[in-house]
Amino acid sequence: MSAFSAIGEEREVDRDEYTPEIEPQPTWCPGCGDFGVLKSLKGALPEVGRTPEETLLVTGIGCSGKLNSYLDSYGFHTIHGRSLPVARAAKLANPDVEVIAAGGDGDGYGIGGNHFMHTARENHDMTYIVFNNEIFGLTKGQTSPTSPKGHKSKTQPHGSAKTPIRPLSMSLTSGASFVARTAAVNPNQAQRILKEAMEHDGFAHIDFLTQCPTWNKDAKQYVPYTDINESDDYDFDPTNRAEAQELMRETEDKLYEGEVLTGVYYRDDDRPSYQQEKQEIGEMPDEPLAERYFDDDYEWERSYDRFIDKHK
Amino acid sequence: MSDDELIWRIAGGSGDGIASTSQNFAKALMRSGLHVFTHRHYPSRIRGGHTYVEVRASADPVKSRGDGYNFLLALGDSFARNPQEEAYYGNEEAKPLAENLDELREGGVIVYDSGLLDPSEVPNFDERVEENDWHVYDIDLRSLAREQGREVMRNTAGVGVTCAITGIPLSAIEELMRDAMPEKILEPNLEILQTGYDIVNEEYDVDAPDISVPTGEHDEEQLLMSGSDAIAYGAIDEGCRFIAGYPMTPWTEVFTIMSQNLPELGGISEQVEDEIAAAALAIGASHMGVKAMSGSSGGGFALMGEPLGLAEMTETPLVLIEAMRAGPSTGMPTKPEQADLEHVLYTSQGDSQRVVLAPGTVAEAYEASRRAFQLAYEYQIPTMLLYDQKLSGELTNVPASHFDREPNGDIGMTLTEDELADQPHTGDGKFHRFQHEGENGVSPRSVPGQKGGRFLATGNEHNPAGHIDEDPDNRVAQMNRRQRKLDAIRADLDDDGLLVEHGPENAEYGILTFGSQQGTVEEAVDRLNEDGTSVKVLTVSELAPYPVKAVRTFLDSVEEALVVEMNASAQFRGLTQKELGTHGEKLSSLLKYNGNPFEPAEIVEGFSTKIVDDGELPGNETKFVPAAGD
């Protein structure tokens, strides 16, 4: 019998269950795109039938990291850039828990870039939401990895000399098996994509455009936007890597020209998740490891019985 | 020369099979009833570079390398970087012979591979042999090995020669080779072992040197173990089934043992992109209820500073091990040092809330590893195991019964769903994971997936339900509770009384040391007492929370104490003075930081000249630092 009775519980889940009594009202600035993430996540979780106590939300540091305070579930608000390694191990330790990681563009594409690359490469079965507002918000408006070239800020007084990072292309190249972009101004699309991402067995990366009305005033509200999966202008197959790659590049360029393209760019439903790969080679137990520590009858192996002979 | 012990040094190039040959030799001696202890010296290179391993064997227990050695098997460096004598690194090919002569005792034996080594390239070789009454056997081991088809087997030929000279029966080595070698290479190795043995017996005078292997008997079955083996087995016996890491010498040894064994125990090992990730993964797994560990050596541990702080603030149980090597920066990757003490005690922002244990011996490494997990999970606090390249790789015999213990999968103060139901919650059902009260500072935890247990873990200061809270009263309550754990842990450790004191109880003088120096200092203390100096040693294997009471009692009882440690800035002495706030005038230091561990004689000499006689230290291998104010 599982020690975790919240897992797999069959019942209707109400979106209000995700609103914590302690902090029902987020303290994000009025008009902030982060509200859109919270709203669409509260919508998507009941749709996939996950309750707050079988969900672990792991965040980094920044305005995005406050998501944990406003979404009631098991939460782990970690340190800047490190949500992914914490989330990854949580999933390996108990694959039955729904694991979602979230952070900002500085968190995920800057300081945590190495983890992003490797988590995508390994294809861990989790959803990763990157709040992309093209700025450092919580520290008051410094240039971020996704800020456009020439972006002026207090730390880049002459305008950034750097070309912005290409989050979608990077994700695809690194090995993510589900790559999407959505925008806070489009909560319906966001909710649909989040649901698909959570249902996907593998690393699902969502670059979530979240406008920052306080520190990125001249930036767009990300409207109007085009949904590449629905628009007749784009004849495109998201299971085709080459097509995805081309459209990602176009999307990344166009953002800085004022045109917002969104949608699911790539999905590979055949690629095994990391857990499956690891189990295949006998390096991960079938039963969630976490269960073992609650099983009073489990017989722990001893080094004395197993390894002593070779030292004799 | 002492004839009651054999100290056999096998020297060659990295990649010449020195480590495996010496391990087999040590095991054969252990099986014959002797106590053994190994010391290895190697460069940070793939192939080539002078390396040696010493095997010390005696009928009585041995717990340190010796003073010098009495039998050299010089194989020659077959991967030498540059044979030119004028090259910057010198004539590497000759180093296995040239570099080892200074420490060879009078009357000792030299066996060298004349197929690779030319003594005319070693300055004043003949004069030194004459002067020191060394017995030299020049044998073309390389040709012998070639005749048998594989040049690398000249190790085995050398072991055969060793047996002939020292009187070790070949059967002891043969038995071990049968256990350790695959069929394909076994036969030619057995043959060459015999050939080496016969050649010496037929063509040389084996009775000339006054050297033979002592005979002994063990009371019970012994195991040949390294500190790394012991740490890994301790972790496994505590139910640790998750490890994450990134390779770095010398921590890689524990990481490797765990990675090779965890899959068949239904555990998980993850080699990840960097040490930040490694520590963060261990935290993630532990957060889910799994017993988890990570570790590294100095440079990698530096990257773990921030996750370590996260574990402190979120009170996530975590075991990190740190295998010290000589620093700063890349330093000397394969050489031991104890200079990461302050690094491990204080790294990460804010007040440290961690436990640091430093085992002194292979047997203690097993205990300390188990204790680290027990404390980490019982008290929800990161626990560090601090050791070094020396303890990591040295092999010694430990009674098998030492490991015949019950396993322990208990994860400490973690609630079941039934227990959670009786705990305080917010109105909407959020569990008070971080209550202001809590016995010994511990507030019991839940695990994701449990009904009635949801809470927020955060690196920010937080209220009982885990939400970010900067209210001064809450801050002080949480901080005080977390700090209270350290008092409770100190009390537990005092009750255990595991600190080891050695020497006469009412001794006039004292020595303080920590970690892997224990065995060497104890041997030095025995010799000092035999020579009429009244001295005892306390080895401090618990560094945080510091055992103030035990150290104070020890220092109160002696006139003066020497603090022995392997670093240049007397970090352990500094810690002791900070924690005690007194006794500074009694403490002087003997330091060594040249990449080699202390020999017992260096401590005897340092103690005699500085503490007893107030003279000057000869040579520059060690350094004396007087007491503050002196």
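This is a predicted model: local features need pLDDT of at least 70, side-chain atom pairs count only at pLDDT 80 or more; totals for chains, interfaces and linings use all residues.
Me: Which element of chain A supplies the largest share of the side that touches chain B?
Reply: In this model, 56 residues of chain A are in contact with 61 residues of chain B. Several elements of chain A each supply at least two residues of this side, among them helix 2 (67-70), strand 2 (74-77) and helix 5 (113-122). The largest share, eight residues, comes from helix 3 of chain A.

Me: Which residues of chain A does the annotation "domain: Thiamine pyrophosphate enzyme TPP-binding" cover?
Reply: The annotation comes from an unreviewed UniProt entry. Over the stretch concerned, the chain is 36% helix and 20% strand, and the end C-alpha atoms are 16 Å apart. According to the record, the annotation covers residues 61-208.

Me: Which strand of chain B gives the largest share of the side of domain 1 that touches domain 2?
Reply: Chain B is divided into domain 1 (5-203), domain 2 (224-403), domain 3 (417-496) and domain 4 (500-625). The centres of domain 1 and domain 2 of chain B are 34 Å apart, and 14 residues of domain 1 are in contact with ten residues of domain 2. Helix 1 (18-31) and strand 2 (35-41) of chain B each supply at least two residues of the domain 1 side. The largest share, six residues, comes from strand 2 of chain B.

Me: How are helix 6 and helix 7 of chain B oriented to each other?
Reply: Helix 6 (residues 170-180) and helix 7 (residues 183-203) of chain B pack with their axes 10 Å apart, at an angle of about 165 degrees. An angle over 145 degrees counts as roughly antiparallel. Helix 6 and helix 7 of chain B are therefore roughly antiparallel.

Me: Which residues of helix 7 of chain B meet helix 6 of chain B?
Reply: The contact of these two helices comprises seven nonpolar, two polar and two charged residues. Helix 6 of chain B contributes B:Leu170, B:Ile173, B:Glu174, B:Met177 and B:Arg178. On the side of helix 7 of chain B, the residues are B:Leu186, B:Asn189, B:Leu190, B:Leu193, B:Gln194 and B:Tyr197.

Me: What is the handedness of the crossing of helix 18 and helix 21 of chain B?
Reply: The axes of helix 18 (residues 518-530) and helix 21 (residues 600-612) of chain B come within 8 Å and cross at roughly 55 degrees. Helix 18 and helix 21 of chain B are therefore oblique to each other. Their crossing is right-handed.

Me: Where in chain B is B:Pro328 found?
Reply: Most peptide bonds are trans. The bond from B:Gly327 to B:Pro328, however, is cis, with omega near -5 degrees. B:Pro328 is found in the loop between strand 11 (318-324) and helix 13 (341-346) of chain B.

Me: What is the omega of the peptide bond from B:Ala544 to B:Pro545?
Reply: B:Pro545 lies in the loop between strand 19 (542-544) and helix 19 (548-556) of chain B. The bond that joins B:Ala544 to B:Pro545 is cis, with omega near -10 degrees.

Me: What is the phi of A:Asn123?
Reply: Most residues other than glycine have a negative phi. A:Asn123 lies in the loop between helix 5 and strand 4 (126-132) of chain A. Although A:Asn123 is not a glycine, its phi is positive, at about 60 degrees.

Key
Residues are numbered from 1 along each chain as its sequence is written. Chains are lettered from A and ligands numbered from 1 in the order in which they are written. Axes are lines fitted to C-alpha atoms, for helices over the stretch in contact, and angles run from 0 to 180 degrees between N-to-C directions. Helices (H or I, at least four residues) and strands (E, at least two) are DSSP runs, numbered from the N terminus. Angles under 35 degrees count as roughly parallel, over 145 as roughly antiparallel, 65 to 115 as roughly perpendicular and the rest as oblique. A crossing is left-handed if the near helix is turned anticlockwise from the far one by less than a right angle, and right-handed if clockwise. UniProt positions are given in the numbering used here, feature names are shortened, and annotations may be inferred rather than shown by experiment. Domain bounds come from an automatic or database domain assignment. Two residues are in contact if their C-beta atoms, placed from the backbone, lie within 7 Å. Ala, Val, Leu, Ile, Met, Phe, Trp, Tyr, Cys and Pro count as nonpolar, Asp, Glu, Lys and Arg as charged, and the others, Gly among them, as polar.
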